[in-house]
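Biologist: I am new to this structure. Could you show me how to read its features, one at a time?

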Amino acid sequence: MASSLRISRLLSRSSSSSSFFSLGGNGKLGRRVSKYSTSAAATIEEPIKPSVEVQHTQLLINGKFIDAASGKTFPTLDPRTGEVIAQVSEGNGEDVDRAVAAARKAFDEGPWPRMTAYERQKIMLRAADLIEKHNDEIAALETWDNGKPYEQSAKVEVPMLVRQIRYYAGWADKLQGHTIPADGALHVQTLHEPIGVVGQIIPWNFPLLMFAWKVGPALACGNTIVLKTAEQTPLSALYVANLFLEAGLPAGVLNIVSGFGPTVGAALASHMHVDKLAFTGSTETGKAVLQLAAKSNLKTVTLELGGKSPFIVCKDADVDQAVELAHLALFFNQGQCCCAGSRTFVHESIYDEFVAKAKARALSRVVGDPFKSGIEQGPQIDSKQFDKILGYIKSGVENGATLEAGGDRFGNKGYYVQPTVFSNVQDNMAIAKDEIFGPVQSILKYKDLDEVIHRANNTAYGLAAGVFTKDIDTANTLTRALKAGSVWVNCFDIFDAAIPFGGYKMSGQGREKGEYSLKNYYQVKAVVTPLKNPAWL
Ligand code: NAI
Ligand code: MG
């Protein structure tokens with residue numbers, strides 16, 4: 001079938017390094033038969049022991065792993081059980097001062113911004129090689145700390161981290177300014193110079209990928225970094241940062257301060273010696289860090305924030321493929337994606353069939369211990385998110401949406417939630433307006449294109465959109481009309497290292513990945529010299 005071929009082509013070329021989704025050998029999007037019932041009574045077996053030791057739990061400052069100034073630690077938890085994996089050094093403002101001082105010295109006096117771009121590139125490539133060598137340990141740490149399926153960590157996310165670092169290593173020796181034909185007898189050139197000390201605050205849903213998106217371009221441009229991991233997932237970045245040291249990254253170039261938002265995050269955002277801030281997380285916290293940046297030293301800020309992205313299934317779509325892709329667009333990573341396709345708009349002519357199949361697909365989703373092979377969905381990150389998601393499910397029922405599947409916790413331990421599907425969702429319901437960040441699909445019915453464009457855009461967010469159609473004119477209309485930083489047509493969640501990503505409206509400011517991200521990490525200096533010899537103008 002033509003549509004099947006189109007999707008195969010789009011998705012099969014997206015090997016592990018660019019797409020989260022893959023196809024089975026038959027060209028169909030992978031579907032597995034559930035071994036588990038998704039009933040509330042289901043129990044999760046004894047958790048599988050991860051095959052990795054936690055090696056790094058201290059702060060990384062000036063090339064050394066050290067305790068927090070206060071000596072305090074905080075526990076990082078296993079979302080499968082809520083039990084403690086390890087105690088991690090808990091930074092505070094004093095530690096941020098120490099890390100910024102180290103980064104400042106490394107920038108102002110150290111070799112990193114002064115070495116040749118080729119030398120910087122070689123260090124980044126060596127780090128990527130080491131990460132690749134330790135793929136399985138890093139993947140195990142990521143799954144243990146976050147709860148995402150191990151196969152996703154090991155086969156997709158660590159390879160994507162490697163790819164992203166190699167991609168930006170490739171840029172290091174290709175960053176160059178221009179000569180500009182200004183009026184008059186002038187030689188005008190632009191220099192692209194690193195900004196200085198960069199503060200980076202990352203969330204817990206993709207700890208390794210957010211590390212890569214931030215650290216890659218910052219290092220390629222010659223900056224130094226103080227990075228704050230999310231308090232839920234501090235482990236994998238510390239492990240990977242140590243590999244950067246092993247690869248020859250000079251002391252002070254990459255510092256990591258683990259800890260909490262109001263202490264470490266706020267200190268970084270308001271620090272007078274941090275020159276630029278990059279943040280990924282909630283829209284609410286994004287507003288807070290922007291204010292802190294403005295009130296301190298006006299550091300430039302890039303923001304990757306929340307979303308409520310539409311996934312539009314047109315009347316000519318192949319329903320089976322649209323169901324599968326809409327399912328993945330929402331349920332991938334336990335629904336904890338800023339760009340989740342969380343409003344599934346379906347044309348009225350195929351609505352009933354779509355709902356029945358989306359329900360069946362959710363009921364067959366394989367939930368369980370993320371270390372087990374074949375698992376599609378692990379636990380949510382923590383009790384706060386777990387409670388938030390169950391609260392939204394309750395509100396959906398109370399507001400009159402039809403609960404087709406799921407609706408409760410899965411098992412009796414940890415933070416597992418049943419894959420949940422609502423139909424008959426109306427635009428004014430909280431489940432259609434707010435970012436739920438969990439495995440809850442809301443299916444909405446529409447009649448015509450103008451209507452769905454208006455409804456899809458009627459949100460404060462604008463991160464991504466999915467379009468499912470075989471009609472080129474419909475696709476062209478939608479890709480131009482939708483107010484979103486990414487529009488995926490007959491595919492979703494394609495994250496090639498070279499493709500820019502970011503939000504319209506309150507989904508963010510600036511773009512990450514690809515060439516566009518570099519602009520966040522260098523300054524442009526115009527250098528003007530008079531030409532004294534008019535014979536050679
Ligand atoms: P958050 O935005 O508060 O946390 C993200 C990062 O910001 C973490 O490292 C956190 O420690 C830090 N942070 C928190 N408060 C801060 C402050 N005052 N100053 C500086 N840094 C601060 O998000 P949270 O609480 O983890 O999740 C809440 C909701 O945010 C989720 O339910 C989801 O809807 C959304 N979210 C969106 C993400 C995205 O990828 N766009 C990622 C994580 C959460
Ligand atoms: Mg954890």
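**Reading the model**

Modeller: Start with a single residue and its neighbours. Leu 219 touches Trp 112, Arg 120, Met 124, Ile 225, Phe 244, Leu 249 and Val 253, leaving aside residues up to four places away in sequence. Keep in mind that this is a predicted model.

Biologist: Which residues have the most contacts inside the largest nonpolar core?

Modeller: Leu 219 is one of them, along with Ile 131, Phe 211, Phe 244, Phe 354 and Trp 488. The core holds 104 residues. Helix H5 (residues 150-172) gives the largest share, 12 residues. At least three residues come from each of domain 1 (60-305 + 503-525) and domain 2 (307-494).

Biologist: Now the metal. Which residues coordinate the magnesium ion (ligand 2)?

Modeller: Look for the donor atoms, then for where they sit in the chain. Leu 77 (O), Asp 145 (O), Asp 145 (OD) and Gln 232 (O) coordinate the magnesium ion (ligand 2), at 2.3 to 2.5 Å. The donor residues are spaced L-x67-D-x86-Q in sequence. Asp 145 belongs to helix H4 (residues 135-146), and Gln 232 to the loop between strand S8 (224-228) and helix H7 (235-246), so this pair ties together parts 87 residues apart in sequence.

Biologist: Are Asp 145 and Gln 232 buried or exposed?

Modeller: Both Asp 145 and Gln 232 are buried.

Biologist: How do I read strands?

Modeller: Ask which strands pair, and in which sense. Strand S5 (residues 179-180) pairs with strand S6 (residues 186-194) in the antiparallel sense, over two bridges. Thr 179 has Gln 189 in S6 as its bridge partner. S5 and S6 make a hairpin, with five residues between them. In the turn, Gly 184 has a positive phi of about 95 degrees.

Biologist: How many bridges join S6 and strand S20 (residues 522-530)?

Modeller: Nine, again in the antiparallel sense. Find His 187 and you will see Thr 529 of S20 opposite.

Biologist: One last residue. Where is the place of Asn 205?

Modeller: Asn 205 sits in the loop between strand S7 (197-201) and helix H6 (207-220). Check its accessible area next. The relative value is 5%, under the 20% cut-off, so Asn 205 counts as buried.

Biologist: What does Asn 205 touch?

Modeller: Its contacts are Asn 146, Lys 148, Asn 333, Gln 336, Cys 337, Cys 338 and Phe 437, again without residues up to four places away in sequence.

Methods:
Residues numbered from 1 in each chain as written. Chains lettered and ligands numbered in written order. Predicted model: local features only at pLDDT ≥ 70, side-chain atom pairs only at ≥ 80, totals over all residues. Heavy atoms only, no water. Donors = N, O, S within 2.8 Å, 3.2 Å for Na, K, Ca; no water. Helix = DSSP H or I, 4+ residues; strand = E, 2+ residues; numbered from the N terminus. Buried < 20%, exposed > 50% of the residue type's maximum accessible area, 1.4 Å probe, protein only. Core = buried A, V, L, I, M, F, W, Y, C linked by side-chain atoms within 4.5 Å. Domains from an automatic or database assignment. Contact = heavy atoms within 4.5 Å. Pairing = 2+ DSSP bridges.
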